Amino acid sequence: MAGNCNGAEFSFVGTANGNGVLARNGLAKIQTHEKKPNGICHDDTSAPVKAQTLNELHSFQKKKSAPTTPTKGSQGALFAEEDRSIQQLQSISASLASLTRETGPKVVKGDPAKKGAAEPPKASHVSHHHHHITPTLSISDSALKFTHILYNLSPAELYEQAIKYEHGSFITSSGALATLSGAKTGRSPRDKRVVRDETTEDELWWGKGSPNIEMDEHTFLVNRERAVDYLNSLDKVFVNDQFLNWDPENKIKVRIVSARAYHSLFMHNMCIRPTPEELEDFGTPDFTIYNAGQFPCNRYTHYMTSSTSIDLNLDRREMVILGTQYAGEMKKGLFSVMHYLMPKRQILSLHSGCNMGKDGDVALFFGLSGTGKTTLSTDHNRYLIGDDEHCWSENGVSNIEGGCYAKCIDLSGEKEPDIFNAIKFGAVLENIVFDEHSREVDYTDKSVTENTRAAYPIEYIPNAKIPCVGPHPKNVILLACDAFGVLPPVSKLNLAQTMYHFISGYTALVAGTEEGIKEPQATFSACFGAAFIMLHPTKYAAMLAEKMQKHGATGWLVNTGWSGGSYGSGNRIRLPYTRKIIDAIHSGGLLNAKFKKTEVFGLEIPTEVDGVPSEILDPVNTWSDKAAYKETLLKLGGLFRKNFDVFANYKIGKDNKLTEEILAAGPVF
């Protein structure tokens with residue numbers, strides 16, 4: 001056998017006659033016969049790499065990102081870029097400043113694990129020129145080190161950081177990053193504190209029924225110092241500079257300082273991601289989060305009841321997290337902040353889903369867990385503006401967030417394809433369980449927690465409307481899963497009724513899973529998000545009514561729960577019927593229906609809806625035992641009244657007229 005390489009000829013030398021040459025391993029030797037002198041045998045189909053060493057080869061692999069906008073400054077592009085870098089580092093240093101020392105830490109960009117990263121760049125010496133030590137303050141070892149800032153890293157970079165340095169971080173088969181949130185796998189509302197000072201004393205809702213548990217400013221500063229000292233003691237911290245609210249006139253600049261790549265990637269997904277141009281001129285943030293969640297608070301500190309504390313200071317515009325690594329605390333903490341800041345601008349902040357039809361008709365969806373808010377607001381015939389948090393201003397509606405935080409328990413591609421397909425590279429999967437070999441996620445497994453979650457950018461949803469803004473809503477849909485089975489499948493609400501049911505925030509679910517327990521349990525959450533509101537619920541309700549009246553929106557109460565009896569005897573209203581009702585609301589067709597009034601709650605119910613059996617529209621028709629229906633209806637009315645007692649004494653305005661109107665819109669019996 002013969003071959004050719006660059007003019008050389010080679011052949012196997014046989015050994016059958018005993019005269020051949022054997023190699024040491026007993027195989028025939030290959031002899032090469034040159035066709036021409038100096039012939040070289042090599043593959044020259046591609047040019048060799050330019051590198052002389054492995055390090056040089058690796059240096060070619062990555063290139064530096066260049067600014068995408070023209071640099072500003074009278075001294076030329078180079079100086080302007082350096083000035084911007086200096087200002088950015090000074091701003092981050094100021095954010096991390098301790099209250100007992102004159103300046104913030106010496107900060108430097110870059111990963112300390114990378115060769116040469118520990119050396120400060122040219123710009124970082126600027127923090128020294130305003131760093132003067134007075135004899136009264138002693139310095140610690142932390143003042144002699146640089147704090148490395150990993151600033152607005154990309155998802156790919158954050159994946160590398162998580163997998164290298166955070167135990168429990170893995171890439172799943174779909175490409176999402178699986179992480180663990182530690183001992184806390186949900187929010188800790190009893191550990192959330194708000195500073196009560198001269199400003200918030202009169203503005204915020206305090207006392208019975210309020211989610212706002214007070215602390216004083218001194219205690220906040222003690223916890224802030226603890227968090228900042230912890231973050232400054234680390235070799236590196238992650239800093240995200242991002243936005244809240246897609247309305248360009250009312251966006252809020254937020255800075256998140258955290259110790260974990262998981263938290264940085266979570267907030268990268270959940271907040272609005274700035275363009276390179278916006279980042280260059282970001283400036284000072286409007287609000288800052290210090291997430292030192294791996295480090296506990298001191299339980300001997302005043303107001304502390306556990307080793308966990310989530311603290312809001314609205315005057316300083318700061319939030320401190322100690323003792324919990326659950327990422328949802330950051331998302332909902334910022335939502336609470338928006339519930340305070342936006343109403344000051346006459347903008348209504350809402351815990352709702354929002355979608356828009358192809359003709360520009362916008363609908364808001366309110367509903368507690370289990371009411372079908374996600375399912376019904378996800379509609380392939382409509383654009384998704386957002387799934388959870390919105391603002392309603394003079395410009396229309398806007399999503400507060402840049403991503404979605406979806407529940408994953410029992411998730412499947414068949415039931416919720418959009419969410420299932422959004423869990424890909426860049427998404428964060430919290431506390432899920434996966435096969436250790438295939439990395440396939442088992443969404444039914446509750447081994448870590450039932451509250452498994454996925455956080456992904458909103459553009460991962462195919463029909464998301466980018467930018468996430470829309471015109472004024474035409475319909476406000478309040479969803480309730482009524483396990484008592486006495487609320488109609490759909491009711492049209494007047495303004496006072498909309499306010500009453502909005503403040504009530506009702507749903508009723510099955511009390512437990514134990515055998516024999518069939519009694520439903522009523523749940524009320526003011527404004528459908530009591531844990532996050534800062535002002536009294538009637539203030540948000542009054543703003544909602546004002547905006548609905550001004551822009552001609554209609555309120556609807558939709559029951560996605562039981563019919564024909566309570567849980568155990570009746571049946572849940574079929575999802576296709578509820579979808580037909582929602583379609584009729586969107587199209588405007590339901591406004592033209594004939595309506596009649598129910599007893600006790602005084603709700604306007606349609607006599608017919610296209611595609612829905614007429615007999616189920618009035619719940620009394622579906623109960624065989626009419627006496628039991630009346631008894632259950634009165635029982636639910638009583639639960640509404642009892643819940644509303646806490647709001648009944650709160651006066652809106654000088655004449656209290658609005659409060660009386662809202663009370664009159666409740667059940668009458």
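The model is predicted.

Confidence was examined across the protein. The mean pLDDT is 88. A pLDDT of 70 or more is reached by 84% of the residues. Residues 67-75 form one of them, with pLDDT below 50. Beyond near neighbours in sequence, this stretch has 15 contacts in the model. Residues 121-137 likewise stay under 50. For residues 121-137 the model has 23 contacts beyond four places in sequence. Where pLDDT is low, the predicted coordinates should not be read in detail.

The largest nonpolar core comprises 127 residues. Trp392, Leu429, Tyr456 and Phe502 have the most contacts inside this core. Helix H9, spanning residues 328-344, gives the most to it, with eight residues. Another core lies apart from the largest one and holds 25 residues. Val107, Val257, Tyr290 and Leu322 are among them. The surroundings of Phe502 were listed without residues up to four places away in sequence.

An open sheet is built from four strands. Their order is S15-S19-S20-S26, and the pairing is antiparallel. Strands S15 (348-351) and S26 (469-470) stand at the edges. Each has a single partner strand, so one side of each is left without a neighbour in the sheet. S26 pairs with S20 (residues 396-399) in the antiparallel sense, over two bridges. Opposite Gly470 in S26 stands Val397.

Definitions and conventions. Residues are numbered from 1 along each chain as its sequence is written. This is a predicted model: local features need pLDDT of at least 70, side-chain atom pairs count only at pLDDT 80 or more; totals for chains, interfaces and linings use all residues. Side-chain values use heavy atoms; hydrogens and water are left out. pLDDT is the predictor's confidence in each residue, from 0 to 100. Contact means heavy atoms within 4.5 Å. A nonpolar core is a set of buried Ala, Val, Leu, Ile, Met, Phe, Trp, Tyr and Cys residues joined through side-chain atoms within 4.5 Å. Buried means under 20% relative accessible area, exposed over 50%, partly exposed in between (1.4 Å probe, protein chains only). Two strands pair if DSSP finds at least two bridges between them.
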